[in-house]
Amino acid sequence: MSVSDLDRAAVLPPERLWNSPGFRRFRRHKLAVFGAAAIVALTLACVIGPWLLPYTDTYIDIRARFALPFTGPHILGTDPLGRDILARLLMAGRISLAVGFSAMMIAMAIGICIGLVAGFYEGVVGAALMRFVDAMLCFPSIFLLLAISALIQPSVASIVILIAATSWMEVARVVEAQIRALKTREFAQAAVSFGASHSRIMFRELLPNAIAPIIVAATLNVAHAILAESYISFLGFGIQPPTPSWGNMLESAQSYLTSAPWLAIFPGITITLAVTSFNFVGDGLRDALDPRMDLP
Amino acid sequence: MSAFLLRRFGQAVLLLFIVSMIGFAILHLAPGGPLSQFAAGGDMSQEDLDRIAEQLGLNRALPIQYAEWLWRMLAGDWGRSYRDGQPVLHIIGSHIGATLELMLTSTLLAMLIGAWIGILGAIRRYSLFDSLATIGAMIALSIPTFWFGLVVIYVFSVGLGWLPSGNRYTIGDGSLLNQIHHLIGPVMVLALVSTAVWSRYMRSSMLEVINQDYVRTARAKGLSERSILVRHAFRNALLPMITITGLHVPMLLSGALVTETVFTWPGMGRLFLDSISYRDYPVVMGVLMLSAVLVLLGSLIADLLYGIADPRISRSG
């Protein structure tokens, strides 16, 4: 989908948007459609689901400890304290999905700003910024995440900031490359000759034209953020119990692997489903938004 | 070529310098800083803490501390662990072997299986096998490594009893067979992501090569399909994979950390995690720096090999 396609898409009535070339390409990507549906379903379940269940995530039913899944009133079984796994899974989903989305938003904001500035002012500023990006990419992300998360008091907000602070680099690279290429195009030159201010050229002329790869990067970034949260929570440095998250549910399940494997199975499947879905959608968007893939 | 090498090496050194500054700044600007480890004990007075800060040089300005640390590090003194007073280099040296063993074995495995899947997928594009491989790779990239590790332990160690659930070898049995037996589980887990990456890139690289003129020429000459694929297409499709493998090091290191934790594998990742829990700053800093060096080395070697493998690339400019 080129820029004009996207502009048109913004003003199209829904049924025309649904049939626009970009959307058709996305719909043809069956896995992406599946991913989008799964994300919507998962989000709805996490938002609405807890109200529909007879148990809350913290309700302790001590006589029903280690209840097997699919056998009694607890659909997915219970944990060592007799808490309902399904209720915990959905509440954890709220946290994990919220962490994923918010971390993505912050990471995009940082990445876009740095990429914009680095791409627009090449020279010393751009080189310095991009070397900083390169240097940040030299640390394997888990190492950096763990090193910092161990030193601060872990809370949902601090985990979000941490994940964002270690995952904006790819976006910065994508944006920088886009801006550098777009800068030489006629419309950008025209804006310069009109005497438009630098910030106007950057945010009103260049950035909207780089939106396609940014959207793809943002989708993949959510997948990365959800995974990152689960990793640090699993290793014990992330979201702290009793606040449930998919990662720390798995951490506590680890000790009961032999006696109660379902404690580990359900959160793991849910994480995999969520991350796979975002990856599928990202892939589909890449195909849909890439004009080089314009097939008849 | 040598000018390119020199410039590339210079860039790596500069990057390493920036990396060391970032790492040092993060660890020392975090609340508490290195002193927090001693303060956490609780039975030290402020005077004690001040004296420790004085002795360790922690009360000086940060840039001066950094300069001193950098100087000592370049001279080969990476400091001593807060935990047991051992030199950091010595500690890392005794753990890196296990990590490299794990990383190299799984990379090798991932290359073989991934290349095979990728080539088959490219030859039979859009076939059932290709679609399944695509979906499989996507899921493999999305599965949390630690969870896959738990599944492998549950199935193969708890359920079937085929594999040991952790450690590098049974104590008292250092035989090669025993070590390989212990290696299977962690390698399976660590190789999963790499295999997915390899198969994806191998497929697209192969697809690109298959449509090249020289492949058509080979076909026009009447060569057998096998010879075309192996001698002409495959060898050229492998070229970009050199770069992919080089750039894959950070992901591999991250995966190794998690895999080592799940399988209680005595490597660098576990060392890093333990050191973090103890707030053992010198070791944490050492492992951080070493991982950055490995990452840079990966991309440097990839560039080098690419230059050797593909003489068409002129690196003089």
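This is a predicted model: local features need pLDDT of at least 70, side-chain atom pairs count only at pLDDT 80 or more; totals for chains, interfaces and linings use all residues.

User: Thanks. How many helices and strands does chain A have?

Analyst: Chain A has 14 helices and zero strands. Buried residues account for 47% of its 296 residues.

User: What about helix 14 of chain A, how many of its residues are buried?

Analyst: Of the 28 residues in helix 14 of chain A, 23 are buried, so by the burial count this helix is mostly covered. From its first C-alpha to its last, helix 14 of chain A reaches 40 Å, close to the 40 Å expected at 1.5 Å a residue.

User: And helix 13 of chain A, which of its residues are buried?

Analyst: The buried ones are A:W246, A:G247, A:N248, A:M249, A:L250, A:E251 and A:A253. That is seven of the eight residues in this helix, which spans residues 246–253.

User: What covers those buried residues?

Analyst: The cover includes helix 5 (85–120), helix 12 (211–234) and helix 14 (262–289) of chain A, together with helix 7 of chain B.

User: Ah, a link to the other chain. How many residues of each chain are in contact across the two?

Analyst: There, 38 residues of chain B are in contact with 37 residues of chain A. On the chain B side, helices 1, 6, 7, 11, 12 and 13 each supply at least two residues. That side of chain B divides into 32 nonpolar residues, six polar and no charged.

User: Nice. Helix 7 and helix 11 of chain B: at what angle do they cross?

Analyst: Their axes cross at roughly 35° and come within 9 Å. The crossing of these two chain B helices is right-handed.

User: Which residues meet there?

Analyst: From helix 7 of chain B, B:T145, B:F146, B:G149 and B:L150 meet B:G255, B:V258, B:T259 and B:V262 of helix 11 of chain B. The residues of this contact are four nonpolar, four polar and no charged.

User: Switching topic: what does the UniProt annotation for chain B cover?

Analyst: An unreviewed UniProt entry gives "domain: ABC transmembrane type-1" for residues 96–306 of chain B. In the model, that stretch of chain B is 83% helix and 0% strand, and its end C-alpha atoms are 27 Å apart.

Key. Residues are numbered from 1 along each chain as its sequence is written. Chains are lettered from A and ligands numbered from 1 in the order in which they are written. Two residues are in contact if their C-beta atoms, placed from the backbone, lie within 7 Å. Helices (H or I, at least four residues) and strands (E, at least two) are DSSP runs, numbered from the N terminus. Ala, Val, Leu, Ile, Met, Phe, Trp, Tyr, Cys and Pro count as nonpolar, Asp, Glu, Lys and Arg as charged, and the others, Gly among them, as polar. UniProt positions are given in the numbering used here, feature names are shortened, and annotations may be inferred rather than shown by experiment. A residue is buried if 20 or more other C-beta atoms lie within 10 Å of its own, exposed if 12 or fewer, and partly exposed in between; C-beta atoms are placed from the backbone. Axes are lines fitted to C-alpha atoms, for helices over the stretch in contact, and angles run from 0 to 180 degrees between N-to-C directions. A crossing is left-handed if the near helix is turned anticlockwise from the far one by less than a right angle, and right-handed if clockwise. The expected span of a helix is 1.5 Å times one less than its number of residues.
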